[in-house]
Each structure stands twice: as structure tokens, then as C-alpha cells.
Amino acid sequence: MSLIYALNVTQLGLMDTETRMNLVTQNITNADKPGYSRKEYGARYLTTTGVGSVPIRGVYNGSINQFLVKSVVGDVSDMARARTVSNSLDYYAKRLGNTDSGYTIVGTMNMLFASLQRLSYTPENAPDKAQVVNDAQAAAYQFNALSGEIQKLRLQADQQIEQSVNRINDALTQINTLNYKLRDGVNNDVSIAEFEDQRARYLQVVAEELDIQYFISSDNILNIYTAGGQALVNSTPHVLDHTALSSVNSTVTYPAIFDTIDLDGVDITTSVRSGTLAGLIQLRDTILVNEQAKLDELATTFMDEINAVLNTGASVPSRNVMTGVVDGLLPGSLAAATGFVRLSTTDSAGVVQAYYDIDLSTTGGTVIGIMAAINAFPEFTAVLDADGQLQISAVNPAHGVAINEMDSSVGPSGRGFSHFFGLNNLFEGTGSENMAIAAYLQTSPDYLAVSVLSNSLTLAVGDIGVSAGNGATALAAANILKDANVSFSAAGGFAAQNTSIFTYAEKFTSNAAYAAALAENDYTTLNLTYEQTVSLLNNEAGVNVDEETAKMIELEAKYGASATMIATIRNMFEALLAAVR
């Protein structure tokens with residue numbers, strides 16, 4: 001073997017060792033860098049007769065197991081969906097409180113129950129009437145507030161969908177850029193392996209937001225598709241499109257109002273199955289919609305049952321003008337009616353000034369027919385106001401109007417006369433979102449109808465028709481909350497059922513806590529799976545500083561040996577030159 005050949009071989013070995021040392025140094029330096037994979041130096045060897053194999057070229061490789069990467073991609077999608085749902089439901093359950101909390105739906109119902117019971121013993125006590133109205137207002141506020149929280153969470157979900165779409169689009173663009181850098185690239189430069197690390201990180205970013213499938217082509221191009229097969233990255237990035245709303249209420253739904261999530265002009269909203277995006281869609285369009293439906297069913301039943309009881313009653317004093325809360329009525333509106341209703345004018349002490357029993361079957365089953373029957377009596381005036389609400393007035397401004405529904409049945413649901421028009425309602429509104437106290441009680445709680453207009457056949461003018469000391473209606477209103485089973489329609493995953501209002505409210509509250517617990521367990525399990533997969537990947541592709549340090553010591557020794565060999569060959573050259581001279 002010539003000295004020149006020996007020198008070349010030794011120099012190649014020295015350069016190879018130096019490159020390996022640089023690579024080990026890079027590994028140690030980036031050991032704690034997220035997403036960094038251990039870089040390894042490979043070599044192609046030339047076998048020379050009589051002298052064995054010598055390295056002729058270094059090759060840099062990332063130590064990434066692609067099967068583990070694929071597992072991480074799937075696991076991170078499942079984990080992200082569960083995490084998104086769990087975080088939202090945990091917040092919601094805490095906001096809802098528990099069945100023992102004071103200022104919650106259950107708590108305010110308890111307070112209303114107690115104040116109604118107290119009022120049943122002292123129905124003539126004005127402060128006790130005011131307390132009932134205040135507690136009813138607190139209950140309405142809780143319904144409003146919780147509905148607002150549900151809609152706030154839906155709005156946040158919609159806005160986070162837009163943020164998720166933006167993260168996906170940014171990652172797809174970065175992957176496409178890296179694809180161009182890696183296309184047809186020979187894996188012989190450390191930057192190539194680093195680009196592959198970056199691309200793998202962006203792939204996980206996409207997978208965390210959206211369930212995907214992918215493959216790497218023969219020219220080292222990462223191709224990504226949705227789980228449904230639509231291209232996200234092939235020769236170009238295909239970005240998603242979604243614009244979030246600025247406000248949301250219970251009437252806002254997908255796809256009627258919420259913007260779609262479009263990919264190349266195709267709505268993929270309903271095809272997203274995993275990832276943060278799926279969790280957000282599930283919250284916005286299903287989970288929280290169901291919570292609103294259950295809350296509205298509770299609110300409307302609660303309002304209707306309390307109103308139904310109070311509309312059987314009368315107040316002392318009575319209002320001179322009674323205005324119903326049911327609006328939009330027209331003179332020709334159908335109001336099929338049967339049975340009798342008693343209308344009376346009373347003074348401030350509840351003494352009857354006049355009264356009439358009206359046979360509703362003679363009214364023709366229309367609003368105008370009912371008003372005509374009332375207007376036939378000189379002491380009353382019945383009209384529809386500007387909002388289409390029935391308004392019954394006592395002609396004498398010193399008198400008030402009292403009603404006993406008797407056996408009246410009005411409308412398709414067969415409500416009592418006063419209840420059908422909402423003349424003595426405590427609550428008004430169509431659901432939890434707009435539930436409120438009737439306007440007349442907000443200013444004058446004394447008009448709360450907790451007494452009863454006598455239905456005696458021998459009632460006469462001058463008799464006390466409405467006794468201020470009669471708290472039967474207040475007691476009945478209290479009992480309807482806890483002691484009576486009422487009918488609830490199927491709503492938000494709850495089956496139709498007959499139970500008390502209070503029990504339904506407790507079920508609603510406890511079900512939210514249970515759902516939050518299930519979501520947390522789901523997230524915990526999937527997160528553990530994800531972390532274990534990531535740990536396996538890190539163990540295989542990550543940097544072990546102790547191992548790299550040991551390599552460095554070994555390489556330093558090899559470097560020293562190569563340097564010694566070069567020095568020896570140099571001395572041999574010098575000796576040869578001296579001999580020639």
C-alpha cells in the first residue's frame with residue numbers, strides 16, 4: 001500500500017470521525033428540543049483488496065420509526081377531541097353547580113318553594129309577596145345566566161373552530177414548503193433530516209386538529225388526506241375555510257346560520273370525526289344544543305306549571321287593567337272554548353261589585369267572540385292591545401278585575417281561561433333564554449294572585465269575593481314544585497317523563513356533572529395512550545445524553561488515533577524524502 005493511499009484513507013477516517021463528533025455534539029445540544037430526533041451518521045463502505053472496508057461518504061439519518069409516528073398521529077387526534085370536550089364540560093358543570101348549591105337553578109327553586117309556603121300562611125303580607133317575586137326573579141336570572149353560559153360556550157367553540165382551521169392551514173402550508181425542500185433529496189445532509197423532523201412536527205399539528213390519513217411518496221413527498229379521502233396536501237396545500245360568528249343564541253344552528261367548514265368548496269363539517277376540530281363541532285352542534293334543549297324543557301314546564309296554578313287565583317287588591325302575556329293574537333284567532341269562567345269587579349278589599357259567569361261555548365271559538373262576550377257586560381272592557389295581547393279592564397277605575405277559571409277550557413291544549421291568555425302569569429318568556437317576571441309584578445308584587453275568587457253559586461254583590469287571608473293558590477304553587485308529578489317532553493337526550501319539577505332540575509344538574517366526569521375519564525384514558533406512544537417514540541428517536549457522551553469519548557479516541565496515524569505517515573514521507581536526497 002502506497003503512503004499516499006494510506007494518507008487518503010486515514011484522512012477520510014479523520015473526516016468521518018470529525019463529522020460524527022459534530023453530529024453527537026448537535027444531538028447533545030438539542031436533547032431537550034421538542035420534536036428533535038436523534039441524528040445518526042451512516043456510511044457507505046468501499047472494500048479494498050487486502051485492506052478491508054473504508055468509509056467513502058457519510059449519510060445523515062433521522063432515527064424516526066414511521067410506524068410509531070403513525071400511531072402518534074392517530075392517538076393525538078383522539079386525545080385532542082376528548083380533551084376539548086372534557087375541558088368545556090368541566091367548566092359547564094362547575095358553572096351549573098350542584099344540587100346543594102344556593103344560587104343555582106335547584107337552589108333558587110328551593111328558595112321559591114320556601115317563600116311560597118311562607119306566603120300561604122300570610123297571604124295578606126305584602127313583604128312576603130315581594131319575597132316570592134324576588135325569588136322567582138332569582139330563578140329566572142339563573143335560567144337566563146345558564147342559557148347565556150351555554151351560548152357563550154357555543155360561541156367560543158365556533159371561534160375556536162376558526163382558530164383550529166387557521167392552525168391547520170398554516171401547518172399545511174409549512175408541510176408543502178418542506179415537501180419542496182425534501183423532494184428528490186438525497187439524505188446526505190443534516191438539514192434534510194432536520195427538515196423531516198419539522199415536517200413530522202407539522203404533521204402532528206394537523207393530526208391534533210383533524211383526523212387524517214397520509215403517506216410519503218417515492219420522491220419523499222408527504223401526502224395528507226382527510227379521513228374521508230379529500231386531499232389536504234399533495235402537489236399543493238388545500239386550505240380549509242371557516243368564518244366564526246360574533247354572537248350566538250339558541251336559535252343559531254348549523255348549517256342554517258353557522259358557517260360551514262369548507263375544503264375545496266365542499267362542506268366537511270359533519271365528516272370530521274376526531275381531533276380538536278371534531279370536539280369543537282360536537283360541543284357547538286350537539287352536546288351544548290342538547291343541554292339547551294333540556295334547560296328549555298325545564299324552564300318552559302316550570303313556568304307553565306307555576307303560571308297554570310296562579311291563573312286559578314286572584315289578587316287582593318286586583319288590577320284595574322289585566323293584560324295577558326300571550327301576544328300576537330288577532331280578532332279572528334281560533335280559541336276553541338268550552339265551560340264557564342267567572343269575571344268579577346272588586347274593590348281594594350276584595351268585595352264584589354259585580355260578577356258574571358260566561359258560557360264560553362257561546363263565543364264561537366274565536367278571540368273576537370270571547371271579547372264580545374266580555375264586552376256585553378257594562379262593568380268590563382275587553383280589547384287587543386298593540387302587541388295582540390288580551391286586555392280586560394274594569395270600567396270603574398276604582399275597581400279591579402278578578403277571575404275564577406272554573407271549568408273553562410280554551411285552545412287546543414285545554415288551558416283554563418286566564419292561563420290561556422296569561423292574565424295572572426308570574427313568568428313570561430318562551431324558554432330559559434328570555435324567561436322573566438311578568439311586567440306588572442315587577443312594579444307591583446301586591447298583584448300576585450295567591451288568593452281565590454269565590455265560585456259559590458250564592459255569591460252576591462257586597463260579599464267578600466276574594467279573601468286576602470286565603471293562601472290556597474300560594475300553597476298549590478309551592479306543591480307543584482316538589483310534590484306533584486308533571487309531564488316533561490323528550491329533550492336533549494332525556495326521555496319523556498312524569499316527575500316533579502324539582503326532581504327534573506336535580507336530574508338536569510347531576511347529569512351535567514356525570515357527563516363531565518365521563519368526558520374527563522375518556523380524556524384521561526386517551527391521553528395516557530397518547531403519552532405512552534409518544535414515550536415509545538421518544539425512547540427510540542430521542543437523545544440519550546449518556547449514550548451520546550459515551551460516543552463522544554469513543555470518537556475522541558478514534559480522532560486521536562487517526563491524527564497519530566497522519567503524523568506517522570508524515571514522518572515516513574519526511575524519511576523517504578531524506579533518503580532520496
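Begin by selecting Met406, which is found in the loop between β15 (400-404) and β16 (409-410); helices (H or I, at least four residues) and strands (E, at least two) are DSSP runs, numbered from the N terminus. Phi of Met406 is near 50°, a positive value in a residue other than glycine. Met406 counts as partly exposed because its relative accessibility is 33%, where buried means under 20% relative accessible area, exposed over 50%, and partly exposed in between (1.4 Å probe, protein chains only).

This is a predicted model, in which local features need pLDDT of at least 70, side-chain atom pairs count only at pLDDT 80 or more, and totals for chains, interfaces and linings use all residues. Residues are numbered from 1 along each chain as its sequence is written, and side-chain values use heavy atoms, with hydrogens and water left out.

Next, select Asp264, in the loop between β7 and β8 (266-267). Asp264 also has a positive phi, about 55°, although it is not a glycine.

Move to Pro255, in the loop between β6 (240-241) and β7 (262-263). A cis peptide bond joins Tyr254 to Pro255, with omega about 5°. Then select Pro317, in the loop between α6 and β9 (321-323); a cis peptide bond joins Val316 to Pro317, with omega about 0°.

Now select Ser86 in helix α2. Which residues does Ser86 touch, not counting residues up to four places away in sequence? They are Ala519, Glu520 and Tyr523, contact meaning heavy atoms within 4.5 Å. Ser86 is buried, because its relative accessibility is 5%.
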